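Please open the model in your viewer and keep the sequence panel beside it.

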Amino acid sequence: MSTNPVEERLKALTMLQVLDSKLDEIHRLRGSLPEEVSDLEDDLEGLETRKSRIGEEISRLNQDIADRKARIQEFKAAIKKYEDQQMNVKNNREYEALRKEIEYANLEILTSEKKIKQFSEQITQKEELMEQTSGRVDDKKKELDEKKQELEVIIEETKLEEKKIHEKLQEAEKFVENRFLTGYRKVRQNMRNGLAVVTTDRSACGGCFSIIPPQVHIELKQRSRMIHCENCGRILVDESFFDEVKESALEKA
Ligand SMILES: [Zn+2]
């Protein structure tokens, strides 16, 4: 490459763009992972809460069964007592009263047995639900571990790369006069994709796709002046130049 001042400036600006885009990429990569990790942590917390709620419901049902069983024992004891008393009644009326007590106690026992059966069925359902939920917890935990590891690796891997890019950015900035640097930063900030230096793609601006006249294409190759897209204001460079700079910018990054 020759060393005319415009070309030097274009080279430095393209270098800045390549390095800034690389930083954007690193941040994007890292940016979504912490969110994914925290989403998974929330999911996991929700599932754990559900598990403990199901556990509480199961133990409450077990307690209900135990209560019902105790009740049955009480009524059975009562029946036995009534039957003994029936042996020693003085009249029919007393006998009949005891018979009614026994009948009532038997009904109570039946009701409790029915309840125990219902509770047992509910426990079976809850235990199935518990098992499903536990399975989901295991899956989420596995996924979370993987994402966490992925994030750690990326942070570790990119830490050094990021540091190198920052060093190169500082180096490249030295070759750009302040007003051009400010212009570059302003355009980059205003663009959603962070591109302030673009190539022309099939005679269109690579940033906004508006048509670039053929004469401008020729001028781009000459690199004798700074050319901005008239529509979006981005700095235009020709593709082979951009690729060349990109290669040299990233080779040691
Ligand atoms: Zn444009």
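A residue is called buried if 20 or more other C-beta atoms lie within 10 Å of its own, exposed if 12 or fewer, and partly exposed in between, with C-beta atoms placed from the backbone. By this count Phe209 is partly exposed, with 13 other C-beta atoms within 10 Å. The model is predicted: local features need pLDDT of at least 70, side-chain atom pairs count only at pLDDT 80 or more, and totals for chains, interfaces and linings use all residues. Residues are numbered from 1 along each chain as its sequence is written.

**The whole chain**

Begin with the entire protein in cartoon view. The protein holds five helices and three strands; helices (H or I, at least four residues) and strands (E, at least two) are DSSP runs, numbered from the N terminus. From the N terminus on, the order of elements is α-α-α-β-β-α-β-α. The radius of gyration of the protein is 40 Å, well over the 18 Å that the globule rule gives for 253 residues, so the protein is more spread out than a compact globule. This radius is taken over C-alpha atoms, and the globule rule is 2.2 Å times the number of residues to the power 0.38. Along its principal axes, the C-alpha trace spans about 130 × 35 × 25 Å.

Of the 253 residues in the protein, 17% are buried. Two residues are in contact if their C-beta atoms, placed from the backbone, lie within 7 Å. Among the contacts with a separation of 6 or more, 73% are between residues 24 or more positions apart.

**Helix 1 and helix 3**

Select residues 5-87, which are helix 1, together with residues 178-190, which are helix 3. The axes of helix 1 and helix 3 come within 11 Å and cross at roughly 35°. Here axes are lines fitted to C-alpha atoms, for helices over the stretch in contact, and angles run from 0 to 180 degrees between N-to-C directions. The crossing of helix 1 and helix 3 is right-handed; a crossing is right-handed if the near helix is turned clockwise from the far one by less than a right angle, and left-handed if anticlockwise.

Now display the side chains at this contact. Helix 1 contributes Arg9, Leu13, Leu16 and Asp20, while helix 3 contributes Phe180, Tyr184 and Arg188. These contact residues comprise four nonpolar, no polar and three charged. In this classification Ala, Val, Leu, Ile, Met, Phe, Trp, Tyr, Cys and Pro count as nonpolar, Asp, Glu, Lys and Arg as charged, and the others, Gly among them, as polar.

Move to Glu35 in helix 1. Glu35 is exposed, with 9 other C-beta atoms within 10 Å. A C-alpha to C-alpha distance from Glu35 to Gln132 gives 26 Å, for a sequence separation of 97 residues.

Next select Gln118, in helix 2 (residues 92-173). Gln118 is partly exposed, with 14 other C-beta atoms within 10 Å. Gln118 and Leu61 are 57 residues apart in sequence and 9.7 Å apart in space, C-alpha to C-alpha.

Which order do the strands of the open sheet take? The order is 2-1-3, with mixed pairing among the three strands. Strand 2 (204-205) and strand 3 (235-237) are the edge strands, each pairing on one side only. Two strands pair if DSSP finds at least two bridges between them.

Select strand 1 (residues 197-201), which runs parallel to strand 3 and is joined to strand 3 by three bridges. Thr199 stands opposite Val237 in strand 3. Strand 1 and strand 2 pair in the antiparallel sense over two bridges, and Thr200 stands opposite Cys205 in strand 2. Strand 1 and strand 2 form a hairpin with two residues between them, and Arg202 in the turn has a positive phi of about 50°.

**Two loops**

Return to Phe209, in the loop between strand 2 and helix 4 (214-222). The phi of Phe209 is near 65°, a positive value in a residue other than glycine.

Finally, select Arg223 in the loop between helix 4 and strand 3. Its phi is near 50°, again positive in a residue other than glycine. Is Arg223 buried or exposed? With 20 C-beta neighbours inside 10 Å, Arg223 counts as buried. Asn4 is exposed, with 12 other C-beta atoms within 10 Å.
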